[in-house]
Amino acid sequence: MPSGANPLLDGLRIEPTPEPTALVIFGASGDLTRRKLLPALYQLARGQRLPARFSVIGVARSAMSDDAFRQQFHDSLKEFAGLANPDEVSTALAANMHYIAGEMDDAGLYERLRATLNDGGAPDGILYYLAIPPAVYGTVVEHLGRARLVTQDDGHGWRRVIVEKPFGTDLESARALNRLLHQHLDESQIFRIDHYLGKETVQNLLVFRFANGMFEPVWNRRYIDHVQITAAETVGVERRASYYEGAGALRDMVQNHLMQVLALIAMEPPIAFSAENVRDRKIDALMSVQPVLDGGDGSVVRAQYGAGWVNGTEVPGYREEEGVAQRSTTETFVALRLQLDSWRWAGVPFYIRSGKRMPKRTTEIAIQFRRPPLHIFKKISPTSVAPNLLVVNVQPDEGISIRFEAKLPGSRMQLAPVMMNFRYGSAFARGVPEAYETLLLDAMLGDPTLFARHDFVEASWALITPVHEAWAASGAM
Amino acid sequence: MTHEKVDTRVFTATVVVVGPQDRLADAAGALEALGEIGVRAILISEGEHSSPPARVAENAITINGLAPRFLNNAVASLRLSSLPALVWWRGGSGEALDDLATLADRLVLDVDAPEEAWRRAPGYFEQTAVTDLRWSRLTRWRSALAHLFDLPPVLESASSFRRLAIDASDPHAARLFAGWLRSRLRWTSDVAIEIAVHEAGGKHVSPLMKVTLEAPNLWISLDRKAGGGCLAATVEGLDASTRIVPLGDGSLASLMAEELGVRTRDAAFEQALTMAQEIAV
């Protein structure tokens with residue numbers, strides 16, 4: 001018998017599973033846990049992606065028994081995973097769920113956590129998920145550090161921490177957060193989650209660009225006219241006013257999600273698909289973005305939604321929303337024109353826009369190519385030739401479309417644009433996993449490729465913070 | 001003039017189904033259920049005719065009663081060179097199988113009594129990617145067991161197993177499973193292999209019911225749960241652990257969707273099949 005590798009995995013078209021793991025969720029009674037994390041764990045269990053020994057320890061301020069936490073798990077599956085009644089997989093998963101109530105600044109909480117983790121033998125890996133307000137990150141990480149719950153000192157077993165966005169509110173606070181995390185954790189232990197990177201279509205950007213021979217040769221300033229990255233939501237601020245008032249579209253969407261997407265489009269080819277290679281090339285791309293200043297030249301546009309009608313229902317304007325200041329200057333729409341100072345992209349504008357209460361919910365990347373240098377059909381088909389367009393639909397209806405010109409059927413030579421479509425939902429006989437499934441699993445496997453590195457976060461804030469400062473100086477919207 | 005919108009499907013393969021007429025209908029249904037994974041189906045049942053009429057539908061050609069000696073000619077002329085050809089063998093003469101194996105990019109065996117096909121199969125290994133549909137039906141069972149071997153104490157004990165017991169509704173699937181373990185774990189004949197055959201029950205059809213692996217200090221079981229839709233994989237001994245995994249729907253359509261995603265030879269299957277032929281029920 002050969003030692004080392006698992007001989008039974010040979011020939012099985014399955015992915016490796018993580019080592020025995022305990023997942024500790026801080027903020028276990030919160031919305032993110034119910035909506036995303038617990039359903040994602042269930043789907044991973046169904047797909048046999050969780051390790052053979054796996055447990056979940058929920059930590060939050062609310063008093064709750066283990067059984068109540070398990071019931072919350074079943075309730076969340078009912079509401080967000082369409083599982084009307086517990087099945088065998090969810091019941092087995094729930095049996096290994098525990099709950100600890102306590103204040104995040106109470107050292108006793110961490111001793112109780114240690115006891116629960118060691119109950120039945122310490123697992124090889126412990127993944128801490130900070131699904132808590134950013135203001136408490138420091139307290140929790142500090143206590144975990146002091147209690148040596150994140151120490152990896154024996155060469156076996158790993159300790160990792162997933163940090164939810166926002167990673168700071170500006171450059172200074174992001175740097176402070178990184179400093180604090182690095183006091184107790186090595187960068188390799190920190191997994192800054194940006195759920196956009198867990199989306200199949202976003203990951204597919206790398207495959208699309210670097211696993212096909214036909215796109216990369218034209219992926220540059222010679223052939224591309226401009227790039228548009230759009231994240232439009234139909235909903236308003238809903239119940240998030242208290243958060244959104246201090247954030248706005250630029251912090252909420254652009255600084256993290258859309259900058260990640262921009263980097264994936266603009267990056268140079270990595271020499272290998274490894275976390276550090278990919279993240280090195282992404283930071284290179286981001287560093288090439290020229291400073292954005294709202295100097296009145298139209299490079300930055302901001303706006304707020306007003307009152308109106310959506311699907312036959314009257315909806316309030318942003319300033320009339322509950323929890324929003326009457327004279328709020330928080331932007332619910334922002335558009336940026338970015339220039340990248342690089343050999344590949346010099347002179348190609350990248351337009352980024354994000355907004356709430358837009359007519360259509362869509363997140364898409366549109367890459368518009370230059371028109372042909374000569375319109376040879378202009379005499380027989382006077383309508384101008386539409387430029388080729390490559391559209392990557394991130395959500396909903398994930399897929400890729402290419403627009404090109406075709407001859408209209410008929411005796412005359414007439415041109416019309418047509419679309420060639422690839423849709424994930426129909427092309428593959430398997431479901432698209434939720435972003436949190438992918439990211440939770442990657443964190444357990446120790447693969448940081450789809451997580452934000454500290455330098456990326458800071459470089460992104462370095463671009464965005466001057467815009468906020470300029471807005472703060474100008475006052476009114 | 002109005003144009004009806006036609007659903008377009010991109011063909012990814014030609015699937016040649018050969019078998020008795022009563023086994024072609026569900027195969028055709030499974031291929032149709034693949035939806036947008038477009039396949040071009042050629043359905044042939046054996047008979048005594050040299051040129052029986054072919055029934056041509058949108059995505060399928062059906063020929064009933066073709067004499068075995070003409071089978072390879074028919075397939076050679078109907079397959080498209082631009083598409084890979086998957087031969088789904090649901091029964092017929094051994095000679096026809098030999099002929100078709102030379103035309104297939106992938107050969108999927110799917111017969112109730114596989115002895116003859118299995119005996120011939122090693123001869124095809126160098127020409128085409130061979131599998132048995134039982135192998136796909138065993139995927140969840142194999143995955144569940146393989147994941148337990150991710151536990152270091154289990155992996156370290158892999159050479160110390162002394163007994164494998166399998167309760168099965170399909171004895172040949174059990175042989176294949178045992179052959180897989182024997183080849184992957186390099187067992188010698190001192191590991192006892194016991195296969196007991198039972199009637200399948202419940203709405204979920206699975207080839208196996210229970211698998212038990214015993215070592216002096218470790219006991220592993222894979223047990224189909226009462227409802228039949230899930231599998232409990234348990235380790236006891238050095239490291240106690242249980243995980244529950246769904247068995248999947250196991251429909252012909254989902255099995256074929258899986259098969260169509262594979263183009264390459266499967267060394268684990270080839271070795272398992274070779275070993276399986278040495279294991280008696």
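Where in chain A does A:R148 lie? Look in the loop between α5 (137-146) and β5 of chain A. Keep that spot in mind for one of the views below, and remember throughout that this is a predicted model.

**View 1. Two arginines of chain A have a positive phi.** A:R148 isn't a glycine, yet its phi is positive, at about 55°. You'll find A:R357 in the loop between β12 (350-355) and β13 (362-369) of chain A.

View 2. Start with A:K165 and A:P166, which are joined by a cis peptide bond with omega about 5°. A:P166 is part of the loop between β5 (158-163) and α6 (171-184) of chain A. Then try the bond from A:Q395 to A:P396: that one is cis too, and its omega is near -15°. Here the proline, A:P396, belongs to the loop between β14 (389-395) and β15 (399-407) of chain A.

**View 3. Helices α1 and α3 of chain A pack against each other.** Helix α1 covers residues 31-46 of chain A and helix α3 covers residues 88-95; their axes are 10 Å apart, and the packing angle is about 115°. Where α1(A) passes α3(A), the crossing is right-handed. On the α1(A) side, A:L41, A:Y42, A:A45 and A:R46 make the contact, while α3(A) brings in A:V89, A:S90 and A:L93. Sort the residues of this contact by class and you get five nonpolar, one polar and one charged.

**View 4. A salt bridge in chain A links two loops.** Side chains of opposite charge can pair when their charged atoms come close. Here the partners are A:R61 and A:E103, whose salt bridge spans 3.3 Å from N to O. The two residues are 42 apart in the chain, so to speak from distant parts of it: A:R61 is in the loop between β2 (54-60) and α2 (66-80) of chain A, and A:E103 is in the loop between β3 (97-101) and α4 (107-118) of chain A. Over all chains, the structure holds 44 salt bridges.

**View 5. Chain A meets chain B.** The size of an interface is often given as the accessible area lost when the parts come together. Between chain A and chain B, about 2900 Å² is buried, and carbon and sulfur atoms give 58% of that area. Chain A puts 29 residues into the contact, and chain B puts in 39.

**View 6. One salt bridge spans the interface of chain A and chain B****.** The partners are B:R184 and A:D10, with their closest N and O atoms 2.5 Å apart. Which elements give two or more residues to the side of chain A that touches chain B? They are α1 and α3 of chain A, and α3(A) gives the most, with three residues. By class, this side of chain A has 16 nonpolar, six polar and seven charged residues.

Notes. Residues numbered from 1 in each chain as written. Chains lettered and ligands numbered in written order. Predicted model: local features only at pLDDT ≥ 70, side-chain atom pairs only at ≥ 80, totals over all residues. Heavy atoms only, no water. Axes fitted to C-alpha atoms, helices over the stretch in contact; angles between N-to-C directions. Helix = DSSP H or I, 4+ residues; strand = E, 2+ residues; numbered from the N terminus. Left-handed = near helix turned anticlockwise from the far one by under 90°. Contact = heavy atoms within 4.5 Å. Nonpolar A, V, L, I, M, F, W, Y, C, P; charged D, E, K, R; others polar. Buried area = accessible area lost by both parts, 1.4 Å probe. Salt bridge = Lys/Arg side-chain N within 4 Å of Asp/Glu carboxyl O.
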